[in-house]
Each structure stands twice: as C-alpha cells, then as structure tokens.
Amino acid sequence: MSTLVFLEHHGDSIQKGSLGVLSKAAQLDADTSAVLIGSGVGEAAAKAGAYGAATVYVADNEAFAAPLPQPRVDVIARLVADKGFDTVLFAASVLASDIAGGLSARLDAGLNWDLSDLEGSGDALVGKRSALGDTVRADVGWSSTPRLGLVRAGSFDAVENAAAGTVEQIPADTEDFSTKAAMVEQAHAESSGPSIEDADILVTGGRGLGAPEGFGILEELASAMGGAVASTRAVVDSGWYPYATQVGQTGKVVSPKLYIGAGVSGAIQHKVGMQTSQVIVSINKDGNAPIFEFSDLGVVGDLNDIVPKLTELVKERRG
Amino acid sequence: MKIAVCVKEVPDAGPSRRIDPTTLRMDRSGDRSLNVYDLNAVEEGIRLRDAAGEGEVVLVSLGASRALESLRKGLAMGADRAVLVSDEAAVGSDLVATSHVLAEALKAESPDVVLFGQQASDGDGAVLWAAVADRLRMPVISQISELTVEGGTATAKRQTEFGYDTIAAPLPVVLAVADSLNEPRYPSLKGIMGAKKKPQETKSLADIGVDPGAAGEAGSRTTVVALSDPPSRGDTIKVEDDGSGAQKIFDFLVERKLI
C-alpha cells in the first residue's frame, strides 16, 4: 500500500482535519505521503512532515492561489500516476469533495465518502460509514486501485510525532478547461461573539422561524438557559443570522450536552454537524420533518407558542 | 440557452428505506419520488431559460424505466423534455460508472449549462457533478447560493467552510446549486396535465454509445463489504403540542438535569 493524503490549507495553516487524516493514514501505512497545492505554502509544507508524511509533495504556484478544485485534480492525477499511489485520502470539505469527484473520473478510481473510520492490513483497506440517514452502518471497499476516500470531518485527531518528512516540489502544469473557472471575490467571515462549539446548550433556529426576527425569542431562551444560539445553512444563506453561528457540513461541528432545534428540518447537511449532541430536543410544525427521526424529544407544534412559554418556565425555575 | 438538469428518482424518505440484505443494494421497491434537492436545480433551469427568453430545459437521468413517472414532476414544473437512460446493464452503478453514463448522455445534448442539485437524498455523496464536469472537460462550480448567467459567463456565489466565494466561469459549465438558491415552484394543474404530453425519451446504453462493461457493477469501482445496525439513540418521544408542549420540554429537561 502507498497512500497519498491531500492537505487543505487556509492562509498559512493546514486544516486540522487534513492533518488528522494524515495521522491516521500514517498509522495504517508507513509508506504515506502528502500533497499540498497553493501559492506561498512552503512553510506550511515543512510542518506537515511531522504528522506522518514521508514526503510532502508541493505544487507552489500563483495559479493555485484561489481554492478551486480543477487545477488541483490535474496536479494530483499526475502525481498518482507518476508515483503509483494506490490510495488517496481527503478530509471532507467543499474543496476536497470537488477534487475527489473530479479525480475519480480522471483516474477511473472508486470513491467512498463520509468515511468515519478506516481499517487496513497489508494491501486491504476498509472504510466505515453510515448510510440512509444513519439507519445503517456499512463497511465499504474498493474493487480496484487507485482508491479514493473522503473522510468525515472530525473523525481523526492530528497526532504529531518526531520524524520530519522531506519536501519535494512537483510540476504545476494544468489543463486548459481546469483553469476556466476564476475566483472573483472571497468574503471570508471572521468569527465573533461566543463560539457555538464551546457551549453546553445550543438553541438552533432554522428556516421554520419564518423571518430573521424569529431569532429574538431563541436568544431569550438561550440567555435564560445559559446557552448560545446557532443556525442552519439555509438561514445563513438567507442573511438572517451570522455565518459564524452555522452548524453543519460547511459550518461548525458541535456536540453540546443539549441541542434544541426550533424550526429546523434536519437536512443531512445540518445533521452531520450536530448528530453527536448528547440530548436532542426539536420543535417543528411539520410532523414529517427528518429531525424527529433522531431527536430524543420531538414536539410537533408552533415554535412561536412553545419557545416563549419554555423561556418563562426556565426563568421561573432559575428565579 | 440549452440547459440540462441532472435529476434522480429516489426512494421516499423515512423508515421505509432499507437495504436488501442479499444484494447489499438499496431496496428500490417502495414509494419513489424525484430527489427533493433536484427541484432547486429544475427551478433554476426554468428561471435561466425564461430569463434568456429562449432555449430549453432538458431533464437527464439514469434510472429504472418507471423513473419517468418521477421525472414528470420536473416537466410539470416547466422543463421541456426528459431523457432517461435505462438499461439492465446499468443497475448498481457507483459514482464512476454513473458519471460515465451521464456524461455520455449529456454529450449527445451539447448543453450550455448542466445543473445538479446539492445532493441526492439517498446517497448523500455530493460529488457527482465534479466527476461529470471532468469527463465533459467543463468548468464546475458547486454549493451555489446566488447565480447569474449573462453574456456567456456564469457568476456564482457559493458557501465554503470559510465564508462566501464568488466564482465566474464561461459556458459551457457545470453548476451544482444549494437548496437556499431558490424556492421550487409547485406545478400548476395545467402543468401537471401537460407534462405527460411533453417529449420523454428512454435510451439504452447502446443508444448513447456506452459499453455495458463500463456501467453497472462491471463499471463500478467501489463495493459494500458488510452492513450492520447503528448504535441505538433510544426511542424518540414525539408529542403534538396541545398547549402543554413547553411544559413537556421543561419537565423532560428537569428530569435529565439539564436545567
């Protein structure tokens, strides 16, 4: 087995999730390398060796300044062909998913996604994932090499060790169609306010609130309970609540002691960000909302009636 | 402008979904409908066509022959016609095989824009568009929450883990839209009545020039090794709010020592 791990970086730092996948891959396969593609990423590459990469392959070029997938597919496909890697692993993200999808077509390589664990011995590799809204756990494999895997966010911890890998520059050639998409603008929100990742109690509002004003009653409940307010992607995309409060695949992964969802439908995108909450309570007018399938307590009703009453009860108890 | 919308018929959500223990494939015998996230892609296709004032919206799908019934929802919303690739040899196609079949079906259509929904509600992969774009050698933009197509260029705002990016790409282009992009329209009665009369073509793999060995299980590169039940969360207590909903939540939280 020889494994290549894609390292995603944001600014100068490599994403923790990528380093987690690299650490896990190095445990399974001593012959593990990493690839880092960007502009001005030399310093970040030097650090990656400490997480288990024998060699960190670096394509450092202005052409890779924007986080776009297709030029990266060109670089990785050529690297896999040149070096004969039989496994390529990614920490799932918006960018990594698009790269992995493109790469699967380019290399005619099998891709398994949403992997929460990996087991390997010798040349064998098995991925663990859940399916059908978490109603089934599946062991998945590959019938040919190279094999591609997207690992679910937060599955593995980044473990630093003493050995430092070598850094090797690789060509930055790209195909014509891969460079047609261009970044026009990046608006990257800075996080502000209390972090939803640290809160023990999260009150989350979804599109069922009907209007941005609906967050007022959630803020009152969160305040009474000593918790924080979170939101869903649909709410954030609509401009109702700040990006930094978003729970889900493209937001934050949270696991509070108590999650209260108000007007949250429970789309997969959101679920992957909160399914490890210890206790889940949901309020939704739609009795068929998927969130009821994985709630401990679900109340079918109007959150505008229920939430203020609940806030009063909590306040009375807390005196 | 010619717009192809890739759509999929999926089993209805809920407890009826299950995996056949012998084939390890999804049991597709129950109720089925058009993947809910594809409705956003169909809606956007109709809007782009109408804004351009010309062109057509073609639904393109890989599935069982009866999938045309589900595709009719897209036609009732306002799509112009449907092309369904249906072939016994394509059953069990994974991502690699599906992207190959879809790309060949799309090549026959030569669209200016190829639209996808954000994910399929059964597979949850959210990667197919990237594979199809690579095979078509077209630029791709995913996770789109705002979109304009003007003067031969698609400009899209999309969400990532870090905030919002705005990306531009020339046509022809592959675009994957988020469910926040639009509100899919409900088909009108007239639309529903007219849908059956719209052109609906079923093609075999041979019709689109795909070798049977490159589709279905033969063309797939991933396998399911074993299945098991997930650890149970315990039962959901589900109640209707009869005025005591808040009190029930409160009692539940007190009992669990959460307040």
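Predicted model: local features only at pLDDT ≥ 70, side-chain atom pairs only at ≥ 80, totals over all residues.
## Interface of chains A and B

Chain A contributes 90 residues to the contact and chain B contributes 78 residues. Together the two chains bury about 7,300 Å², with 55% of that area on carbon and sulfur atoms. The rule finds 38 residue pairs in polar contact across the interface, both residues being at pLDDT 80 or more. On the side of chain A that touches chain B, helix α4 (residues 94–107) of chain A gives the most, with eight residues. That side has 43 nonpolar, 27 polar and 20 charged residues.

Strand β9 (residues 136–142) of chain A and strand β12 (residues 222–228) of chain B run antiparallel and are joined by six bridges. Within this pairing, Asp139(A) has Ala226(B) as its bridge partner.

## Salt bridges between the chains

Four salt bridges cross the interface of chain A and chain B. One links Asp134(B) to Arg106(A) at 2.8 Å, N to O.

In another, the closest N and O atoms of Glu175(A) and Arg137(B) are 2.3 Å apart. Glu175(A) lies in the loop between β11 and β12 of chain A, and Arg137(B) in the loop between α4 and β7 of chain B, so the pair joins two chains. Glu175(A) is partly exposed at 27% relative accessible area, and Arg137(B) is partly exposed at 45%.

## Salt bridges within a chain

Over all chains, the structure holds 26 salt bridges. Lys128(A) pairs with Asp139(A) at 3.1 Å, linking strand β8 to strand β9 of chain A across eleven residues. Lys128(A) is partly exposed at 23%, whereas Asp139(A) is buried at 18%.

In chain B, Asp242(B) and Lys248(B) form a salt bridge at 3.9 Å, N to O. Asp242(B) is exposed at 59%, and Lys248(B) is partly exposed at 32%.

Terms used
Residues numbered from 1 in each chain as written. Chains lettered and ligands numbered in written order. Heavy atoms only, no water. Contact = heavy atoms within 4.5 Å. Buried area = accessible area lost by both parts, 1.4 Å probe. Salt bridge = Lys/Arg side-chain N within 4 Å of Asp/Glu carboxyl O. Polar contact = N/O pair within 3.5 Å; in protein donor to acceptor, adjacent residues only side chain to side chain. Helix = DSSP H or I, 4+ residues; strand = E, 2+ residues; numbered from the N terminus. Nonpolar A, V, L, I, M, F, W, Y, C, P; charged D, E, K, R; others polar. Pairing = 2+ DSSP bridges. Buried < 20%, exposed > 50% of the residue type's maximum accessible area, 1.4 Å probe, protein only.
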